[in-house]
Amino acid sequence: MTLRATRATMLGLSILPILAAASVAEPSGDTAERFTMSPVEGGFLRLDKQTGAVAMCAKSGNEWACKSVDDRTTNTPADKLSRLESENHDLKARVKELEEMIETRPPGVPSPPGPLADAPPPDDKVQLPTDEEVDQALDYISRVYKKIRDHVRDLDKPLPPDDHAAPSPPPVPPSATPGPKGSL
């Protein structure tokens with residue numbers, strides 16, 4: 001495939017979503033216009049509005065020829081939609097099964113372990129904490145904050161000198177150092 005044809009194909013694939021959106025936006029009353037042609041480098045891209053197929057049309061000698069553009073997507077939107085619908089159906093069936101299991105559970109049988117085991121039944125209203133409980137929580141958070149603040153202040157203080165460390169030797173005066181040989 002030549003460089004020009006490769007560029008045209010890549011441009012065509014990048015224009016495909018725009019063309020598809022434009023074809024959906026057009027009124028569907030006129031079915032006579034099945035194809036949409038869009039100019040690209042080296043020819044035209046032809047979009048089939050009914051099937052979504054794209055073809056690269058180029059002049060070959062005195063004739064125009066259209067070659068189908070390969071669809072490089074692995075999942076078509078229809079496949080993805082089908083998969084999602086199937087998954088949605090399976091999840092709804094599982095929810096219904098679990099709801100029936102909860103409803104048919106005899107009284108006195110404990111809830112199965114899980115994240116919702118301690119949750120109140122859906123008919124009960126959620127009880128908010130009392131003012132006293134809120135005050136206790138705020139006092140606790142305040143104490144934690146003050147402890148952290150005090151520890152940070154302690155870290156900012158300079159360290160005391162170490163009394164057990166070996167003393168460093170006294171500095172040597174510059175006149176006591178011997179000079180190079182042969183100097184006065």
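Guide: Lys 157 and Asp 154 pair through their side chains in a salt bridge, at 3.6 Å from N to O. A salt bridge here is a side-chain nitrogen of Lys or Arg within 4 Å of a carboxyl oxygen of Asp or Glu. Side chains of opposite charge can pair when their charged atoms come close. Lys 157 is exposed, at 54% relative accessibility. Asp 154 is partly exposed, at 46%. The cut-offs are these: buried is under 20% relative accessible area, exposed is over 50%, and partly exposed lies in between, with a 1.4 Å probe and protein chains only.

A word on the source. This is a predicted model, where local features need pLDDT of at least 70 and side-chain atom pairs count only at pLDDT 80 or more, while totals for chains, interfaces and linings use all residues. Residues are numbered from 1 along each chain as its sequence is written, and side-chain values use heavy atoms, leaving out hydrogens and water.

The structure has five salt bridges. Among them is Arg 149 with Asp 150, whose closest N and O atoms are 3.9 Å apart. Arg 149 is partly exposed at 30%. Asp 150 is partly exposed too, at 37%.

Another joins Arg 94 to Glu 97, with 2.9 Å between the closest N and O atoms. Both sit in helix α2, residues 77–103, three residues apart, or about one turn of the helix. Helices (H or I, at least four residues) and strands (E, at least two) are DSSP runs, numbered from the N terminus. Arg 94 is partly exposed, with a relative accessible area of 43%. Glu 97 is partly exposed at 44%.

Now to helix α3, residues 131–156, which holds Ile 148. Ile 148 belongs to a nonpolar surface patch with Val 134, Leu 138, Tyr 140, Ile 141, Val 144 and Val 152. Together they have about 630 Å² of accessible area, by the Shrake-Rupley method with a 1.4 Å probe, where for residues only the protein chains shown count as cover. Patch residues have over 30% relative accessible area and no salt bridge; like charges are joined within 9 Å, nonpolar side chains (Val, Leu, Ile, Met, Phe, Trp, Tyr) within 5 Å.

Last, the covalent link. The whole structure has one disulfide, meaning a pair of cysteine sulfur atoms within 2.5 Å. Cys 57 is joined to Cys 66, S to S 2.0 Å. The torsion about their S-S bond is about 105°, so the disulfide is right-handed. Cys 57 is buried at 2%, whereas Cys 66 is partly exposed at 38%.
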